[in-house]
Amino acid sequence: MLRHLETSAVVAFTDELHHSLPAILTALDAAERNRADVHAAHEAYRLIHALKGAASMVGLAALGFLLNLAEEQLEGPVSGAALLSDEVIEALRASVPKFATYMDEAIAGRPVAPVAIELAETLRGG
């Protein structure tokens, strides 16, 4: 029964991820159109933060770490300490589809390390 619950939790998380990723891109688009729009940046931050917590709750700590890297990119713009830069927008836009790829690979039982490394490099600017 526990195995079924774990599988159900991961499936529910995957559904949430696939639902949230387009919303994150929409929020980034709005924030890019108006760099001073803290609400749009905050929406992207909120969605990423929720996914980070959910990933940790279902035992996907490595994915949670990667989502934390994405979340950190938005901390300055959300707090008002910095405007949203082109580099941050570019890194987040490049990362969003890779989060879906990460889960698709994990669910298929394939290694996620290549996707995780690529995500980490993109989000760290390297």
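Here is a friendly chat about a predicted model, touching on a helix, a core and a cavity.

Student: Hi! What kind of model is this, and how are residues numbered?

Tutor: This is a predicted model, where local features need pLDDT of at least 70, side-chain atom pairs count only at pLDDT 80 or more, and totals for chains, interfaces and linings use all residues. Residues are numbered from 1 along each chain as its sequence is written, and side-chain values use heavy atoms, with hydrogens and water left out.

Student: Which residues of α2 are buried?

Tutor: A40, A41, A44, Y45, L47, I48, L51, K52, A54 and A55. Buried means under 20% relative accessible area, with a 1.4 Å probe and protein chains only.

Student: New topic: which residues touch the most other members of the largest nonpolar core?

Tutor: F13, L21, I24, L63, L66, L74 and F99 do, out of 38 residues in that core. α2 gives the most to this core, with nine residues. A nonpolar core is a set of buried Ala, Val, Leu, Ile, Met, Phe, Trp, Tyr and Cys residues joined through side-chain atoms within 4.5 Å.

Student: What does F99 touch?

Tutor: Not counting residues up to four places away in sequence, F99 touches L17, L21, L63, L66, L67, A70, L119 and L123. Contact means heavy atoms within 4.5 Å.

Student: How much space lies in the largest cavity?

Tutor: About 40 Å³. A cavity is a set of points on a 1 Å grid over the protein atoms alone where a 1.4 Å probe fits but cannot get out. Its volume is the space filled by probe spheres set on the points, which are joined across faces, edges and corners.

Student: Which residues line the largest cavity?

Tutor: L21, I24, I48, L67, A70, L92, S95, V96 and F99; lining residues have an atom within 4 Å of a point. The largest share, four residues, comes from α5.

Student: Last one: is T14 buried or exposed?

Tutor: T14, in helix α1, is buried, with a relative accessible area of 7%. Leaving aside neighbours within four places in sequence, T14 is in contact with M103 and I107.

Key: Buried < 20%, exposed > 50% of the residue type's maximum accessible area, 1.4 Å probe, protein only. Helix = DSSP H or I, 4+ residues; strand = E, 2+ residues; numbered from the N terminus. 1 Å grid on protein atoms, 1.4 Å probe; cavity = no way out; pocket = protein on both sides within 12 Å on 5 of 7 lines; lining within 4 Å.
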